[in-house]
Amino acid sequence: MSWGTKNVPNKKGTYLVTAIGPIDGKPFVDIADRYKRCDGTYGWCLHSGGFGVKVIAWRKLDKPYEGAVE
């Protein structure tokens with residue numbers, strides 16, 4: 001699965017994202033939820049609680065394993 005950098009997803013879901021930190025300007029990887037705002041636009045909610053970041057790449061996370069656990 002490759003990283004997307006164009007056509008930001010307009011679909012709710014959980015993604016692996018590369019974002020640029022607001023203080024040091026360095027890229028980092030995090031898990032983020034794509035959500036729909038009240039005005040109909042979409043935003044990112046990073047699981048680490050990061051804010052003020054610019055998401056520069058994303059890829060959809062696979063569904064969790066649903067097989068038997070031994």
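Reader: Which residues does Tyr15 touch, not counting residues up to four places away in sequence?

Author: Contact means heavy atoms within 4.5 Å. By that rule Tyr15 touches Pro9, Asp30, Ile31, Ala32, Arg34, Trp44, Trp58, Arg59, Lys60 and Leu61. This is a predicted model, in which local features need pLDDT of at least 70 and side-chain atom pairs count only at pLDDT 80 or more, while totals for chains, interfaces and linings use all residues. Residues are numbered from 1 along each chain as its sequence is written, and side-chain values use heavy atoms, with hydrogens and water left out.

Reader: Is Tyr15 buried or exposed?

Author: Buried means under 20% relative accessible area, exposed over 50%, and partly exposed in between (1.4 Å probe, protein chains only). Tyr15 has a relative accessible area of 5% and is therefore buried.

Reader: Which aromatic pairs does the structure hold?

Author: Rings of Phe, Tyr and Trp (its six-membered ring) pair if their centres lie within 6.5 Å; planes under 30 degrees apart are stacked, over 60 edge-to-face, and the rest tilted. There are two aromatic pairs here. Tyr15 and Trp44 are edge-to-face, at 5.4 Å centre to centre with 90 degrees between the planes. Strands (E, at least two residues) are DSSP runs numbered from the N terminus. Because Tyr15 lies in strand β1 and Trp44 in strand β3 (residues 42-46), this pair ties together parts 29 residues apart in sequence. Trp44 and Trp58 form the tilted pair, 6.3 Å centre to centre and 35 degrees between the planes; Trp58 belongs to strand β4, and the two are 14 residues apart.

Reader: Which charged ends sit over the rings of Trp44 and Tyr15?

Author: A charge sits over a ring if NZ of Lys or CZ of Arg is within 6 Å of the ring centre and within 35 degrees of the ring normal. Over Trp44 it is the charged end of Arg34, 4.5 Å from the ring centre; over Tyr15 it is that of Lys60, at 5.0 Å.

Reader: Which residues make up the largest nonpolar core?

Author: A nonpolar core is a set of buried Ala, Val, Leu, Ile, Met, Phe, Trp, Tyr and Cys residues joined through side-chain atoms within 4.5 Å. The largest has seven residues: Tyr15, Val17, Ala19, Ala32, Leu46, Val55 and Trp58. Two or more residues come from each of β1 (13-20) and β4 (54-60), and β1 gives the largest share, three residues.

Note on methods: Helices (H or I, at least four residues) and strands (E, at least two) are DSSP runs, numbered from the N terminus.
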